[in-house]
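I set out to look through one structure and to note what I find, entry by entry.

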Amino acid sequence: MNEQKYFDGLIDGMKKVIELHKTKDDIRDLENELKAKRTKKARLEKQVDHYNKQAQDAIDLI
């Protein structure tokens, strides 16, 4: 009976380790998505600045 409780405890511990590993992978995936979105945001902001400069140059010509 004690052996059964011991092995049940080991199995429960392993399940928790697996859940933590999955959570860690999920966090890493979310961090990668956030990094990609920040990169995209910076690129889009650069494009906006470029187009705003072109618009301002066009206005200055008028």
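**Entry 1: the nonpolar patch.** I began at the surface, where Tyr6, Phe7, Leu10, Ile11 and Met14 form a nonpolar patch with about 520 Å² of accessible area together. I recorded the rule for patches: they consist of residues with over 30% relative accessible area and no salt bridge, like charges being joined within 9 Å and nonpolar side chains (Val, Leu, Ile, Met, Phe, Trp, Tyr) within 5 Å. The areas come from the Shrake-Rupley method with a 1.4 Å probe, and for residues only the protein chains shown count as cover. A salt bridge, in turn, is a side-chain nitrogen of Lys or Arg within 4 Å of a carboxyl oxygen of Asp or Glu.

**Entry 2: the source.** I noted that this is a predicted model, in which local features need pLDDT of at least 70 and side-chain atom pairs count only at pLDDT 80 or more, while totals for chains, interfaces and linings use all residues. Residues are numbered from 1 along each chain as its sequence is written, and side-chain values use heavy atoms, with hydrogens and water left out.

Entry 3: I looked up Ile11 and found it in helix 1. Helices (H or I, at least four residues) and strands (E, at least two) are DSSP runs, numbered from the N terminus. Ile11 counts as partly exposed because its relative accessibility is 41%. The cut-offs are these: buried means under 20% relative accessible area, exposed over 50%, and partly exposed in between (1.4 Å probe, protein chains only). Tyr6 has a relative accessible area of 53%, so Tyr6 is exposed. Phe7 has 45% and is therefore partly exposed.

**Entry 4: aromatic rings.** How many aromatic pairs does the rule give? The count comes to one. The pair is made by Tyr6 and Phe7, edge-to-face, at 5.4 Å centre to centre and with 70° between the planes. Under the rule, rings of Phe, Tyr and Trp (its six-membered ring) pair if their centres lie within 6.5 Å; planes under 30 degrees apart count as stacked, over 60 as edge-to-face and the rest as tilted.

**Entry 5: the whole chain.** I counted one helix and zero strands in the protein chain. The radius of gyration is 27 Å, well over the 11 Å that the globule rule gives for 62 residues, so the chain is more spread out than a compact globule. That radius is taken over C-alpha atoms, and the globule rule is 2.2 Å times the number of residues to the power 0.38. Along the principal axes, the C-alpha atoms fill a box of roughly 90 × 10 × 5 Å. Buried residues make up 0% of the 62 residues. The chain exposes about 6300 Å², of which carbon and sulfur atoms supply 59%.

**Entry 6: salt bridges.** I searched the whole structure and found three salt bridges.

- Arg28 and Asp25 meet through their side chains at 3.2 Å, N to O. Both lie in helix 1, three residues apart, about one turn of the helix. Arg28 is partly exposed at 39% relative accessibility, and Asp25 is partly exposed at 24%.
- Glu45 forms a salt bridge with Lys41, and the closest N and O atoms are 3.8 Å apart. The two residues lie four apart in helix 1, about one turn of the helix. Glu45 is partly exposed, with 41% relative accessibility.
- Lys53 forms a salt bridge with Asp57, and the closest N and O atoms are 3.2 Å apart. Lys53 and Asp57 are four residues apart in helix 1, again about one turn of the helix. Lys53 is exposed at 53% relative accessibility, whereas Asp57 is partly exposed at 38%.

**Entry 7: distances along the helix.** Where is Lys16 placed? I located Lys16 in helix 1, which covers residues 2–61. Lys16 is exposed because its relative accessible area is 56%. The C-alpha atoms of Lys16 and Gln4 are separated by 18 Å, the two being 12 residues apart along the chain. I also looked up Asp26, which is found in helix 1 and counts as partly exposed at 46% relative accessibility. Asp26 and Lys5 are 21 residues apart along the chain, and their C-alpha atoms are separated by 31 Å.
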